[in-house]
Amino acid sequence: MKSNSFQTLKERTFARLAQSIQGLPSDHHSVFHYYTYPFYHNVTGVDLKRYYQDPRLMMETQLSVMEKLEGCGSLQPDVGSVAESSALGGAVRFDPNGFISVHETGIESEADLAAMKPGDPEADNYMRTALDALQYMLENAPDGVKVNPPICMGPFTIGAQLRGISDFCMDTLEDPDFVSALLELTVETCINYIAAAEKRFRAPLHHVMICDDISAFMSEPAFRAWVMPTYAAIMKRFPQTQFWLHNDAKAFHLAEAISESGFSGWQYAPDIPAQALLEKTGGRLSLFGGLNPVELQNLSPEQVYAASMDRLRSFEGNTRCVLGVGGSVNQIPVANLLAMLRAADDYVIPAESRRPASPRTR
């Protein structure tokens, strides 16, 4: 049984994801995969330094992989986690395989921050690189292929990239004025980046993925004090845009706070049971996950299909649960990802169990 009138696996998967995000009932669960450059490199062997800098190569690489996945994906600028930090002075580096990262800048005091300005997405940095790729994709994507805006690193994570993770977390206790000043810079940089992407689309963005794993180092009170206000500032600036959170670190202790932060969806860690997370989040947002990406690497497609079916049954009909892995799919074979998609397409939620979680009233 296939729900609604959508004819292809891609159409059904996308439609069910939209239903989940809206809190609507459905007879199937959806699937969410987060594709990034290590996955594209693993599948195609693409030269990553060229991939980051050549919009045409980036788009063609992504399209070639999407074809193997029956179209179940979207084009997206893909320069890793460096865009915002590079615009604030972070040093971009590459490992021998071409994997990209950014390193701290050496900032130590409010005087250092006073000499800095929020990142400019039109300057010579990796925000501009991503936006150039976005423009190319919007102008050249085949009909029927969706283009997503670039991911946005969370302001707290950007601060930790620039300062160093341990130092920045310690700063929240020892130098809160410094942390406040740095977060003002990172929030404004994120807003500039999203606004520049919106300008390329010439319309409000449908959604933006915020990646903020490092915030999981915070206790819940510290998360509420330091991290949630950064989300609120960004969301206030873009009221017509959905925001989805990628935080697949050990963040179960933050679940209730995250559910109150205004996100429409959360990609969570694989070791968190879905039902426990549903109880904590109260149905305020969709939950993407349930499977461990490391375990899926070495399974056969048949084993992945069976594991997916087990996980789908564990969702107990709650369509806020979206099948996925806790993190990106870097080393998972395409056949295994297809097995997940097909399991969700085959699994019919029993009629008596179809119930999206309803947000709790306060």
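Colleague: What makes you say that Lys280 lies over the face of Phe252?

Modeller: This is a predicted model, and in it Lys280 lies at 5.7 Å from the ring centre of Phe252. The cut-off for a charge over a ring is within 6 Å of the centre and within 35 degrees of the ring normal, and Lys280 is placed over the face of Phe252.

Colleague: Why is the pair of Phe156 and Phe168 called tilted?

Modeller: A search of the whole structure finds 15 aromatic pairs. For Phe156 and Phe168 the ring centres are 4.9 Å apart and the planes stand at 50°; because planes under 30 degrees apart count as stacked and those over 60 as edge-to-face, the pair is tilted. Phe156 belongs to helix 8 and Phe168 to helix 9, 12 residues apart, and the pair is counted as linking distant parts of the chain.

Colleague: How do you know whether Phe156 is buried or exposed?

Modeller: Buried means under 20% relative accessible area, and Phe156, with 0%, is therefore buried. Phe168 has 0% relative accessibility and therefore counts as buried.

Colleague: Why is the pair of Trp266 and Tyr268 called edge-to-face?

Modeller: The planes of Trp266 and Tyr268 are at 70°, with the ring centres 6.4 Å apart. Pairing needs centres within 6.5 Å, and planes over 60 degrees apart count as edge-to-face, so that is the name for Trp266 and Tyr268. Trp266 is buried, with a relative accessible area of 0%, and Tyr268 is buried with 1%.

Colleague: Why does Arg202 count as exposed?

Modeller: Exposed means over 50%, and Arg202 has 79% relative accessibility, so Arg202 counts as exposed. Arg202 also has a positive phi, of about 60°, and lies in the loop between helix 10 and strand 5.

Colleague: Which kinds of residue line the largest cavity?

Modeller: The lining of the largest cavity divides into nine nonpolar residues, no polar and no charged, among them Ile151, Tyr193 and Leu205. Helix 10 gives the most to this lining, with three residues, and the volume of the cavity is about 40 Å³.

Conventions:
Residues numbered from 1 in each chain as written. Predicted model: local features only at pLDDT ≥ 70, side-chain atom pairs only at ≥ 80, totals over all residues. Heavy atoms only, no water. Helix = DSSP H or I, 4+ residues; strand = E, 2+ residues; numbered from the N terminus. Buried < 20%, exposed > 50% of the residue type's maximum accessible area, 1.4 Å probe, protein only. 1 Å grid on protein atoms, 1.4 Å probe; cavity = no way out; pocket = protein on both sides within 12 Å on 5 of 7 lines; lining within 4 Å. Points joined across faces, edges and corners; volume = space filled by probe spheres on them. Nonpolar A, V, L, I, M, F, W, Y, C, P; charged D, E, K, R; others polar. Phe/Tyr/Trp six-rings, centres within 6.5 Å; stacked < 30°, edge-to-face > 60°.
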